[in-house]
Amino acid sequence: MPADSPPDLAGETPARSAGRRQRGAAAQQPRAAVTSAVEVRRSTRRSRTVSAYREGDRTIVLIPARMSEAEERRWVGVMLDKLAAQESKRVIGDSELGDRAERLSGQYLGGRARPATVRWVTNQNTRWGSCTPAEGSIRLSHRLQGMPEYVLDYVLLHELAHLLVPGHGPRFWQLLEAYPRTERARGYLEGVVAAPRLPHLPAAREE
């Protein structure tokens, strides 16, 4: 996806202005820096604003070229928090679920899983998703809405894999090994299920 027209983009203006650049200055080549799945790109064309967006499994943060390393670290944290807040409020529609399924199938399953329909349902309270291979239909529980996108992608990919392998045998889990956040997403969902069963700690007494 091109960096000049990213979807779900969050933008901010640093409190301290970096000053104006001379007109006609050529953009500096993007510099990839960073930890885990975050990539920082610096550009001389960007003098004041900081923005960020998701690109597959990565988060791209765009910053002014002259920003210091300390400012870079601070703004990466700010933008990650801002994107997470945006994603928790945004509800993805059925049509976008279909587009998402197509992208995930192409990226992790060689495009072999091709669902006929992908949609949200409100009658699945004991499982996160389901599929009917004979019909090519995938249904996701509405409870996933507002969860991190990597969790939604895992559940969607899980159901896509069932279009190729119906059961949960070794062949099925081998397909999901390609997705780098499988274990993290499963841990998140297990935590959601376990949370209501945890004992409530007594409130701390004030002394």
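**View 1. The buried face of helix 2.** Leu97, Arg100, Ala101, Leu104, Ser105 and Tyr108 are the buried residues of helix 2 (buried: under 20% relative accessible area; exposed: over 50%; partly exposed: in between; 1.4 Å probe, protein chains only). They span an arc of only 135° around the axis, so they lie on the same side of helix 2 (the arc is taken over directions from the helix axis to the C-beta atoms). Ser95, Asp99 and Glu102 are exposed on the other side. The cover over the buried residues includes strand 5 (117-121), strand 7 (137-141) and helix 3.

The model is predicted: local features need pLDDT of at least 70, side-chain atom pairs count only at pLDDT 80 or more, and totals for chains, interfaces and linings use all residues. Residues are numbered from 1 along each chain as its sequence is written, and side-chain values use heavy atoms, with hydrogens and water left out.

**View 2. Helix 2 from end to end.** Helix 2 has 15 residues. From first C-alpha to last it reaches 21 Å, close to the 21 Å expected at 1.5 Å a residue (expected span: 1.5 Å times one less than the number of residues). Gly110 follows helix 2, with a positive phi near 65°.

**View 3. Helix 2 against helix 3.** Helix 2 (residues 94-108) packs on helix 3 (residues 149-164) at about 75°, with the axes 10 Å apart. Axes are lines fitted to C-alpha atoms, for helices over the stretch in contact; angles run from 0 to 180 degrees between N-to-C directions. The two helices are therefore roughly perpendicular (65 to 115 degrees; under 35 is roughly parallel, over 145 roughly antiparallel, the rest oblique). Leu97, Arg100, Ala101, Arg103, Leu104, Ser105 and Tyr108 in helix 2 meet Glu149, Leu152, Asp153, Leu156, Leu157 and Leu160 in helix 3 (contact: heavy atoms within 4.5 Å). Eight of the contact residues are nonpolar, one is polar and four are charged. Nonpolar covers Ala, Val, Leu, Ile, Met, Phe, Trp, Tyr, Cys and Pro; charged covers Asp, Glu, Lys and Arg; the others, Gly among them, are polar.

**View 4. Helix 3 against helix 5.** The axes of helix 3 and helix 5 (residues 182-194) come within 9 Å and cross at roughly 100°. Helix 3 is thus roughly perpendicular to helix 5. Tyr150, Val151, Tyr154 and Val155 in helix 3 meet Thr182, Arg184, Ala185, Arg186, Tyr188 and Leu189 in helix 5. This contact has seven nonpolar, one polar and two charged residues. Helices (H or I, at least four residues) and strands (E, at least two) are DSSP runs, numbered from the N terminus.
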